[in-house]
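Hi,

Here is the structure I promised to pass on.

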Amino acid sequence: MNLGTDPSAEVRFQGTPVSPGIAIGPVHVSVRGMSAPETHSITPEEVHSEKERFQRALNLTRQQIQEVRDRIGKISGESEGKIFDAHLLFLEDNTLLRRVEKELENRLQNVDSVFYAIIQNYLEAMRRVQDPYLRERTADIEDVSLRVLNCLERREIKDTAPDHQHVLVAFDLTPSDTALMDPDQVLGFCTEMGSTNSHTAILARSLGIPAIVGLERALIEVKMKQTCIIDGYRGELILNPTPETLKKYKSLRRQKDKAYQSLDSVRDLNTQTSDGHEIVLSANIEFIHELKGLKTSGAQGIGLYRTEFFLLEDEEMPDETRQTQVYSEFIEACSGHQAIIRTLDSGGDKLSAEPFSEPEPNPFLGWRGIRVSLSRPDLFKTQLRAILKVSARGKTGVMFPMISGISELRAAKAILEECKLELDRAKVPFDPDIEVGMMIEVPSAAILADVLAPEVDFFSIGTNDLTQYTVAVDRVNHRVADLFRSTNPAVIRLIKNTIKAGQDHGIWTGICGEIASDIRLSPLLVGLGTSELSVGVHQIPIIKSAIRSLNFADCENLAEECLKMHKSGDILAATRNMAKTAYPDLFFET
Ligand code: PEP
Ligand code: MG
């Protein structure tokens, strides 16, 4: 869309849907500390006074920066103060000034809003350049721009969430931004960056907030308080919806609410296919506040508790007492079912266990998961002791992330044994037969599943990472999101290989990656022989209902056919076909 088109016309942007649902509400734009100003039209006669207002704001900003520079110079020395020279230079940039003046004439909108749009454009370009020096300069530009906006509006602009319900639009959100969202206020969100398997997306699903990522250029076009619709099924952001579009989406939202209410009836039923094949359906949990939902969801325990989310609250993992306290709450909430606690999986796109002096060049291939725990035995042992302690209070499982081979697994188990000995000596009760499992999320582990199976009590397949590492596609990079397909034949064969190795050695295998909550894939995953599916709390009723509509023998035949296929698209089409025939009412597509 070009600057200057009818600002009240309906506009649609296509992105990647990451969390289903429909949200309708006013836009709140947030860009890392810089909120968008309100937009209003001006007359051609007002252009001149707006240009003058802009000049005054630039002068005031210059003055402020000079004052800060002098103050810092006095306290920390001349060289520190010089950092602000770059800010001043940015304000002297004539190209920027000319662009603002030209767009002011074209758009006929208040200068705050014009300046903001231009800066967003500029920042977007800067964030995408390869040169790390230039990329880092975005923070400087944001800083100066925020000052200019403050001076224009003569008020403090802070990126505080509004106290009314809204749809959040942002360039990017970190998992912590998402985790801190209030689901009662944030009706939905969309970002320019991100992909389906980023932790931000996973959190959106766990909070039950409709979300879209990869919406290129959306930020430049949206305006504060503008009405919009998020279609989290198709991945569409609709700005200024027409009355017909609004009516259609309101009615779809009602339909969806009704369909979800009807799922209430399956909550207390077993998760079994129509021909009696049982699957354990458990929940993926990140936060303690999800436990309330866990109890009412109909889940059979916790299949994956991502303990690294502790790092959102604090920069380091809590001490043993606090961990024991939190894990106890999880055990209690499972009411007799098992709670599988995964040891710290920091790194990758998740928070790091320690600050790095220099960022890692390839975080997903770096100091992540079990590698961190093995190189920090104190941290690891604190966590293992806490897990062991709660095992005395209820059925507990411990699971290691990112295991790539037998040596890592044995090293992790040896440390677990050390902890058991310590507790034994101190006469602290624990379950000596606590189930010990490992994630299968690195292709080497999936290939070596027959070697690893005799060493553990269960496997849990993390298809988010397994897909990422098998097809060499970064799970959070929206540019390659199209290539991230968990139905890739190689991934499906690795899943089958793992399940078969588990069966041959008498251990169970579950799946806790995001594909477990995709109703299109349930027939395939059931047919491949998974014993357990672990999904977000909000997805439990729909997956249970899907499985109850399937026939196991048909699913097995489907899986056999899929294993012969060569293309992800063919596998997806085959399983989707069976799913759509078995439970058409669960498909909610707009
Ligand atoms: C996975 O990789 O599929 C998984 C469940 O772990 P996480 O998403 O936490 O990396
Ligand atoms: Mg993983």
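Q323 is buried, as its relative accessible area is 1% (buried means under 20%, exposed over 50%, partly exposed in between, with a 1.4 Å probe and protein chains only). Q323 belongs to helix α13, residues 320-333 (helices are DSSP runs of H or I with at least four residues, strands are runs of E with at least two, and both are numbered from the N terminus). Apart from neighbours within four places in sequence, Q323 touches F310, M317, P318, T382, Q383 and A386 (contact means heavy atoms within 4.5 Å).

Before going further, the ground rules. This is a predicted model, where local features need pLDDT of at least 70 and side-chain atom pairs count only at pLDDT 80 or more, while totals for chains, interfaces and linings use all residues. Residues are numbered from 1 along each chain as its sequence is written, chains are lettered from A and ligands numbered from 1 in the order in which they are written, and side-chain values use heavy atoms, with hydrogens and water left out.

On the chain as a whole: the protein chain has 24 helices and 17 strands. Of its 590 residues, 54% count as buried. Taking contacts between residues at least 6 apart in sequence, 70% join residues at least 24 apart.

Now the metal. Ligand 2 is a magnesium ion, and its protein donors are E441 (OE) and D465 (OD), at 2.0 to 2.1 Å. The two are 24 residues apart and link distant parts of the chain: E441 sits in the loop between β14 (435-440) and α17 (443-447), D465 in helix α19 (residues 463-471). Both E441 and D465 are buried. Donors here are N, O and S atoms within 2.8 Å of the metal (3.2 Å for Na, K and Ca), and water is not among the atoms, so sites may look incomplete.

What does α19 pack against? Helix α20 (residues 489-504), at an angle of about 130° and with the axes 10 Å apart. That angle makes α19 oblique to α20. The contact brings together T463, L466, T467 and T470 of α19 with A490, V491, L494 and I495 of α20. For the terms, axes are lines fitted to C-alpha atoms, for helices over the stretch in contact, and angles run from 0 to 180 degrees between N-to-C directions. Angles under 35 degrees count as roughly parallel, over 145 as roughly antiparallel, 65 to 115 as roughly perpendicular and the rest as oblique.

Between α19 and α20, A472 lies in the loop, and A472 is exposed at 67% relative accessible area. Its C-alpha atom is 9.1 Å from that of L483, 11 residues apart along the chain.

Helix α22 (residues 540-548) is mostly covered, with eight of its nine residues buried. Those buried residues pack against α10 (243-262), β10 (280-285), α11 (291-297), α21 (522-527) and β17 (532-536).

Most residues other than glycine have a negative phi. L108, though, has a phi near 50°; L108 is in the loop between α4 (94-107) and α5 (111-127) and is partly exposed at 27%. N240 also has a positive phi, about 50°; N240 is in the loop between β9 (236-239) and α10 and, at 17%, counts as buried.

Cheers
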